[in-house]
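Here is a walk through one protein model, written for someone meeting structures for the first time. Keep the 3D view open and follow along.

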Amino acid sequence: MGFRIIIVGGGIAGLAAAIALRQDNREIIILEQSPISQEIGATISLQPNASKIVEGQWGLAATLKERGAMVDEAFEVYNLDGEMQMRIPLVTKDKYGAERMMYHRADLHEALKHRATSPTFPGQAAVLRTSSRVASCDCETGTVELASGEVLSADLIIGADGIKSAVRGCVLGGEVNARPTGLSAYRMMIPADELQQQSEFAKVINPRKGCTTMVIGQDRRLIMGPARNGTIYSIVALVPDESMNEDSRITSWTTKGDHEKMMKTFADFPDWAQKPLQLAKGSALGLWQLRDLDPLPTWYRGRAILIGDAAHAMLPTQGQGASQAIEDAEALGAFFHEFERTTPVNSLGAVAQVNDAVFRCRYDRATTIQLYSRQAAKPATEPGNRKVNMNPAEFMDYNCSYNGARDWCK
Ligand SMILES: Cc1cc2nc3c(=O)[nH]c(=O)nc-3n(C[C@H](O)[C@H](O)[C@H](O)COP(=O)(O)OP(=O)(O)OC[C@H]3O[C@@H](n4cnc5c(N)ncnc54)[C@H](O)[C@@H]3O)c2cc1C
């Protein structure tokens, strides 16, 4: 029998792990709890450290370009007077070997899913099973039990089941929950055309430009960027978390946002800066309570290893959550490369040894970026003063200078 791998979770981390681990005679099953495996509508940026893996190593540049992928050319930071406080060019190919890219999340997810599960790529295609929620796992025997009671077994189990991971408790021998960070995020997408017609806004910001724009007003900020060749504009509105900013009875971390409440929260932003929020009335408005994890004591036990948000959920302030998940996946691919040629796959010790190597290679880097992300979330203006004192490029060299796990750990 070949090397059998179960991946719990069909998000960015799980699909990326399937791509990285695909090899002939490897059976990879991805177990996804939701009935349809898809992403939300929002822009996601991949930093050069991850775009070089996805577009270069995994060959998805052309597919993503067809779907309207854009190069993110700069960070532009504005104060509430519409004055640009800083512009940081992000044309990063020469410096970091790849560009910072902007995708529609659904497009990135679809491209990864196809690359993981289509037989047209090298190695045995992974099988994606939807409506398959994992309830628990045994890290020594390599079994997972689904909520339905079905039990599956494998030589390697990858917990890519996100911030509320079920596998995490099995690896750590007890629950470790993500902690509220004091921030919530509204997310919405609007047609760029409509925004461009708003002259007060368009005088300051061109929503079609490949650029990440922040508008900062003390403890609230808008982080915005285009997707699909500049036809749609994605807005993340960060606000202090008052138990989901809306209703303290809400216990889920993700809910539908209330447009009126959001507008009240941004009432002291000037009219030009409120325009994107006003235009989102009637469109899908989501609200996320932003949580992250403290660094975990370990990410693996026996045959099971955690990756992505399950291992190191972080705030979105460095735009590195998905990028770190992709680095984790690439590391699994590199360390398990041709594993079964030299090792009996049913050897618990041998699998655990490789999991240990992956963990040692990845832990310091992902943890550092997790902590940078917390640091970058602090208010960027003093009360009563509109001058912005933050530098979105502060951690860029560390974050983006990366050429794969083998190179990082040599
Ligand atoms: C507002 C915001 C903006 C962000 N912007 C960026 C950005 O620009 N760039 C960036 O790199 N990152 C960004 N991130 C972070 C990024 O979205 C996450 O880090 C990334 O999606 C994590 O991927 P994941 O696969 O680990 O987890 P998820 O995306 O959470 O996927 C986990 C999957 O596992 C499934 N699952 C969960 N439990 C089970 C179970 N028990 N059994 C089976 N399946 C299960 C879930 O249904 C889901 O499909 C942002 C995050 C937020 C909140």
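A backbone N or O atom of S323 lies 3.2 Å from an oxygen atom of the ligand. Keep in mind that what you're looking at is a predicted model. In this model, 28 residues surround the ligand, and the closest are E32, S45, R105, D309 and A322.

| Residue | Protein atom | Ligand atom | Distance |
|---|---|---|---|
| R105 | polar side-chain atom | oxygen | 2.6 Å |
| G319 | polar backbone atom | oxygen | 3.1 Å |
| S323 | backbone N or O atom | oxygen | 3.2 Å |

Now look at Q324, which sits in helix α12, residues 321-335. Is Q324 buried or exposed? Its relative accessible area is 0%, and the cut-off for buried is under 20%, so Q324 counts as buried. Skipping neighbours within four places in sequence, Q324 touches N49, H312, M314, R362, R365, A366 and I369.

One of those contacts, N49, is worth a visit too. You'll find N49 in helix α2, which covers residues 48-57. N49 also has 0% relative accessibility and is buried. Its side chain makes a polar contact with the side chain of E327, at 2.7 Å. Apart from neighbours within four places in sequence, N49 is in contact with Q320, S323, Q324, E327, R365, N399, C400 and Y402.

How much of α2 is covered? Mostly: 8 of its 10 residues are buried. They are P48, N49, A50, S51, K52, I53, V54 and E55. Just after α2 comes G59, with a positive phi of about 70°.

**The six-stranded sheet**

Time to zoom out to the strands. Six of them make an open sheet in the order β8-β2-β1-β12-β20-β19, with mixed pairing. At the edges are β8 and β19 (300-301), each of which pairs on one side only.

Start with strand β1 (residues 3-8), which pairs with β2 in the parallel sense over 6 bridges. The chain gets from β1 to β2 by way of helix α1 (residues 12-21), and this β-α-β crossover is right-handed.

Strand β2 itself (residues 26-31) is mostly covered, with 5 of its 6 residues buried. It also pairs with strand β8 (residues 127-129), again parallel, over 3 bridges. There, L31 stands opposite R129 in β8.

Elsewhere in this sheet, strand β12 (residues 156-159) runs parallel to strand β20 (residues 304-306), and 3 bridges join them. I158 has I305 as its bridge partner in β20.

A handy thing to know when you look along any strand: in a regular strand the side chains alternate between the two faces of the sheet.

**The core and helix α1**

I158 turns up again in the largest nonpolar core, which has 53 residues. W58 and I158 have the most contacts inside this core. Which element gives the most to it? That's α1, with 9 residues. Leaving out neighbours within four places in sequence, I158 is in contact with I5, I6, I7, V8, A17, L21, I305, I307 and L332.

Why is α1 described as largely enclosed by the rest of the structure? Because 10 of its 10 residues are buried. These are I12, A13, G14, L15, A16, A17, A18, I19, A20 and L21. The elements covering them include β1, β2, β3, α5 (105-117), β12 and α12.

β4 pairs with strand β7 (residues 101-104) over 2 bridges in the antiparallel sense. To spot this on screen, look for V71, which stands opposite M101 in β7.

Definitions and conventions. Residues are numbered from 1 along each chain as its sequence is written. This is a predicted model: local features need pLDDT of at least 70, side-chain atom pairs count only at pLDDT 80 or more; totals for chains, interfaces and linings use all residues. Side-chain values use heavy atoms; hydrogens and water are left out. Buried means under 20% relative accessible area, exposed over 50%, partly exposed in between (1.4 Å probe, protein chains only). Helices (H or I, at least four residues) and strands (E, at least two) are DSSP runs, numbered from the N terminus. Two strands pair if DSSP finds at least two bridges between them. A crossover is right-handed if, with the strands pointing away from the viewer, the path from the first strand over the helix to the second runs clockwise. Contact means heavy atoms within 4.5 Å. A nonpolar core is a set of buried Ala, Val, Leu, Ile, Met, Phe, Trp, Tyr and Cys residues joined through side-chain atoms within 4.5 Å. A residue is near a molecule or strand if one of its heavy atoms lies within 4 Å of it. A polar contact is a pair of N or O atoms within 3.5 Å; within protein, one must be able to donate a hydrogen and the other to accept it, and residues adjacent in sequence count only if both atoms are side-chain atoms.
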